[in-house]
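Welcome! Have a look at the picture, then try each task before reading on.

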Amino acid sequence: MDTSTLFRLDGRIALVTGGSRGIGRMIAAGFIAQGATVYISSRKADACEETAAALGPSCIPLPQDVSTVDGCRALAAQLAERTDRLDILVNNAGAAWGVPFEEFPEAGWDKVMDLNVKSPFFLTQALHPALKAAASRDRPAKVINITSIDGQRLNPWETYSYHASKSALIYLTKRMAARLVRDAINVTSIAPGAFASEMNRAARDHADTVAQGIPAQRIGVDEDMAGAAIYLASRAGDYVVGETITVDGGLVHASLGTSIDG
């Protein structure tokens, strides 16, 4: 048994949506450090190109809005112009919406459900031929959906569509895994907790306060997210199928509740 290259991604081609910032950028940087060529996509072309320039020649920008099925298919077509295979797809692009129950709008429902649930499915569908071209039993292709601990537990905010979407994506991960494993494509998910990002401004702007409620007593850092993604993407994670890995410092699974007996 040789474990010296267990986590390496040399020669692998990856696509990370929402890759210009936050968790997507953390994952892209981690993959590049392990030898992968990484395409990053986001709807803001300038941000996408700036991040690619910062991460170096192994990072290639593919700006695209994947909030629609047409956008997903357009991104797949862009990638097909550059490569005929895809080893790793990270469905990270997402949105949140928080409004009181009485005022929650249809737009806040549709935008979040479309981007967080519909797009991962249809982008994976559009990239299915490229994933199959890279896949083999000895080296499966990988699809990693970025879900959330908000799909596993409630947060204090009225983010109705976000909670619903992330719960749905966790279960969609299992259903997609059951089908795509037949093509030697492993589908998994990562459920992040508190990481500093534009979406999680509380963790970004009030890290010390947020950390007080986390068993590990800190928010997540880049290496925490990159490490989980590298594990799933690499040979180390080849026997993990349909699973959601929670990366949250213990908030979901190691927090002590209040006993009803006091």
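**Exercise 1.** How many residues does helix H3 have, and how far does H3 reach from its first C-alpha to its last?

*Solution.* Step one: helix H3, residues 69–80, has twelve residues. Helices here are DSSP runs of H or I with at least four residues, and strands are runs of E with at least two, numbered from the N terminus. Step two: H3 reaches 17 Å, close to the 16 Å expected at 1.5 Å a residue, where the expected span is 1.5 Å times one less than the number of residues.

A note on the source: this is a predicted model, in which local features need pLDDT of at least 70, side-chain atom pairs count only at pLDDT 80 or more, and totals for chains, interfaces and linings use all residues. Residues are numbered from 1 along each chain as its sequence is written, and side-chain values use heavy atoms, leaving out hydrogens and water.

**Exercise 2.** Which residues of H3 are buried?

*Solution.* Buried means under 20% relative accessible area, exposed over 50%, and partly exposed in between (1.4 Å probe, protein chains only). In H3, the buried residues are Val69, Gly71, Cys72, Leu75, Ala76, Gln78 and Leu79. Their cover includes strands E1 (13–17) and E2 (37–41) and helix H4 (106–126).

**Exercise 3.** Where is lysine 132 placed, and what does lysine 132 contact beyond its neighbours within four places in sequence?

*Solution.* Lysine 132 lies in helix H5, residues 128–134. Its relative accessibility is 41%, so lysine 132 counts as partly exposed. Leaving those neighbours aside, lysine 132 is in contact (heavy atoms within 4.5 Å) with Asp183 and Ile185.
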